[in-house]
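Please have the sequence and the model open as you read.

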Amino acid sequence: MRGRSLVRRPTAVVALAVAALLLALGLGSGTRGVAAWTPAEWKTRTVYQLLTDRFAAASSEPGTCGDLHNYCGGTWAGITGKLDYIAGMGFNAIWISPVVENVAGGYHGYWAKDLGALNAHFGTEAELAALVKEAHARDIWVMVDVVCNHMGPQADGTHRDFSEFAPFNAAEHYHAYCEIEDWNDAQQVERCRLAGLPDLDQDNAFVRSRLKEWVVGMVGKYQLDGLRVDTVPEVKAAFWAEFQQAAGVFAVGEVDNGGVGYDARFQGSLDGILIYPTYYTLKSVFAQRPSLRALKGRIDEDEAGFPDPTLLGPFLDNHDQPRFLTVTPDYTLLLNALTFVLFSQGIPIVYYGTEQAFAGAGDPTNRAPLWPHYQTSGIIYGFLAAANGLRNALVNSTSQRYHLQPQREAFVSDSLYAFARGQLMVVLSNVGSGQATAALVAENVPFAASTVLCNALDPAGATVTVDGSAHIPVNVENGQPLLLYPK
């Protein structure tokens, strides 16, 4: 779905202006050269999530995909060829689909058949290795999705024949057949089948050891930087702690639940989790537009409930949820929500196609091929380039170290929310395109009186001066987010 232009200046001009601003402030882009990345170092990253089969083909574009429930033609070589497109938006990490061989129809990667083989639809060992090498040459870290809960759908309808799978080809490698019916019953969630998929028994010594051996081998062979872990609540937490230690790299897990009390139990066994409670709140307050005070409540609950909110993965769209622009076509509301994702504490994740204003109500329409939509002059692509450019510069600045700065609420009302991190004031609204709002931001202002502030998203636009009481008079025009920084 496409929307009308809502940004006052061409995005290329904004990106160039932001680059000039950063140079003037002495905030370069920075690169890194160490191989073993800690969770703390992952806080410096912004992650671009893509589905391997839907992002880019190896050579000529395959054309329209006739069946979104099957393979469309994306490959690892295709991703390699589009790394500069990703880097152009300022992303410095990618999350790619599971890499192992799948049963027929497993274009998404979550239907494993043989953990010892790669998915030939995606490419060869050499092409996967080349993707990682070329990504690292651009200071882009590579995160691979992994599945330890289940294998792919069984061809045998009796649920007793596992001979098609490797290395888990015997009945004792799986829990006895049952389907998850009560998601509040932890034992049932851990032992029964998700969507009919054969549920691995991680208490079996062979299964437990082979899963850990597999991830060690994969991480080492392809020099992977991190893991996204699928279906975390469906496996006992004790296994995840062992798996995380064996992998030796940062891991963020999927816990698809809207309750902090439920989700927080799983941070600790893994470094971080995708922060679904905040996802649901962001989708609500920016797309459906109730009071932004709900966002304050969510942030307060996250702070109190999670062991380390700075290692959570905030996101707005993914392959399992309706895209934001399906709920509302207003680009301005999308930009405000993305600004929160990128500048709040945590490790930001943005789903492929967001930059091209993709919509999609759910699986599979939220998984459309990106080709031929690789335009770099659009509103959202330009916004991401400018916003990520600023974040990366602040992260890499020895005097700023943005990723280490606490997030402090500065203002909240029904239509405006502001927070400070370091020397940046982030101002968000949900009034939408064509609308205006104003406020006097008085709490946790990190600037001295008389400091002149510019909006990093519109550096040549109007400035704001901190008043004598160290308050900031904020005026939001056309619903646009503001990133206020000393001029």
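## Strand pairing at the sheet edge

Gln49 stands opposite Tyr351 in strand 9. Strand 1 (residues 47-49) pairs with strand 9 in the parallel sense, over three bridges; two strands pair if DSSP finds at least two bridges between them. Strands (E, at least two residues) and helices (H or I, at least four) are DSSP runs numbered from the N terminus.

Both strands belong to an open sheet of seven, in the order 8-7-6-5-2-1-9, with parallel pairing. Strand 8 (272-273) and strand 9 (349-351) stand at the edges with a single partner strand each, so one side of each has no neighbour in the sheet.

## About the model

This is a predicted model: local features need pLDDT of at least 70 and side-chain atom pairs pLDDT 80 or more, while totals for chains, interfaces and linings use all residues. Residues are numbered from 1 along each chain as its sequence is written, and side-chain values use heavy atoms, leaving out hydrogens and water.

## Two packed helices

How do helix 11 (residues 276-288) and helix 14 (residues 331-343) meet? Their axes come within 10 Å and cross at roughly 150°, where axes are lines fitted to C-alpha atoms over the stretch in contact and angles run from 0 to 180 degrees between N-to-C directions. That makes helix 11 roughly antiparallel to helix 14 (angles over 145 degrees).

Thr278, Leu282 and Phe286 of helix 11 make the contact with Leu333, Asn336, Ala337, Phe340 and Val341 of helix 14 (heavy atoms within 4.5 Å).

Note on methods. Angles under 35 degrees count as roughly parallel, over 145 as roughly antiparallel, 65 to 115 as roughly perpendicular and the rest as oblique.
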